[in-house]
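The entries follow the order of my questions.

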Amino acid sequence: LWGGQMDKDYYQKMWQTLVNDKKPFISEITNKRKNGDKYIAQLKISPILDDKDNIKFFVGLENDITKERELTANLRKEKASVETKVQERTKELAEEQGKLQASINSLNVGFVMTDTNFNIVNINSTAKRILCINDFKTIMRDPSSIGSNCSLEDIEKNLKGVVDIRANINKCLKEKNIINIDDISFNNRFLHFFLSPIAIYHEKLDIIGVVILVEDVTEAKIL
């Protein structure tokens, strides 16, 4: 039966279902064509019973699903290939992001990036040190606490009465222009703020946030 392509256990299960259980047997089989080529088929064999529940004969239907299975196999291979590429690219992006973050942290100017909802999405250690000043006693106990919590609200609180940073971010977003704020006196320092909108072009120009650079110009100011 079927060119002897199926093993002994398969036939035992089939006859158990058909003869003993008297139920339809549904399965996939490997069969041979007249020219010897193998193909995959979906098989359904049903026992036909008389009024005394005895088997009179069997009715079988076979549907060639070789192309479907080949397509499924190809899709699985393609899916695996895409997943591998995604994983490789994700790793590359993570490495690139790590390098970028290291570069940002090495800047000798403060770097702050916000989104259009005034959330800080990136800030370097220099900006934290300049803009997010903690209590002096706390710093003496734990120097690593400098700027450990540095939200836009923290920066606003520290700069209150000096410069309205949120208003300037909002102006930069709305006007889509660079803003320079010179000679801001803050915490015995002179600071220069540079705000620039972050723009991307996708069918139209979209502003997705603001970059703020904060430079300590105290030494140059004194000289």
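How many salt bridges does the structure hold? I found nine salt bridges, a salt bridge being a side-chain nitrogen of Lys or Arg within 4 Å of a carboxyl oxygen of Asp or Glu.

I noted that this is a predicted model, in which local features need pLDDT of at least 70 and side-chain atom pairs count only at pLDDT 80 or more, while totals for chains, interfaces and linings use all residues. Residues are numbered from 1 along each chain as its sequence is written, and side-chain values use heavy atoms, with hydrogens and water left out.

**Entry on salt bridges**

I looked up Asp64 and found its side chain in a salt bridge with that of Arg33 (2.8 Å, N to O). This pair links distant parts of the chain, 31 residues apart: Asp64 is in strand β3 (residues 55-64) and Arg33 in the loop between β1 (25-32) and β2 (38-49). Helices (H or I, at least four residues) and strands (E, at least two) are DSSP runs, numbered from the N terminus. Asp64 is partly exposed at 37% relative accessibility; buried means under 20% relative accessible area, exposed over 50%, and partly exposed in between (1.4 Å probe, protein chains only).

I then turned to Glu83, whose side chain meets that of Lys79 in a salt bridge (2.5 Å, N to O). Both residues lie in helix α2 (residues 66-105), four residues apart, about one turn of the helix.

**Entry on the disulfide**

I found one disulfide, that is, a pair of cysteine sulfur atoms within 2.5 Å. Cys132 is joined to Cys150, S to S 1.7 Å. The torsion about their S-S bond is about 65°, so the disulfide is right-handed. Cys132 lies in the loop between α3 (125-131) and α4 (136-141), and Cys150 in the loop between α4 and α5 (152-159), so the pair ties together parts 18 residues apart in sequence. I recorded both cysteines as buried, Cys132 at 2% and Cys150 at 13%.

**Entry on the nonpolar core**

Which residues touch the most other members of the largest nonpolar core? They are Leu131, Ile169, Phe193, Leu195 and Ile212, out of 27 residues. A nonpolar core is a set of buried Ala, Val, Leu, Ile, Met, Phe, Trp, Tyr and Cys residues joined through side-chain atoms within 4.5 Å. I also noted another core that lies apart from it, of eleven residues, among them Met6 and Tyr39.
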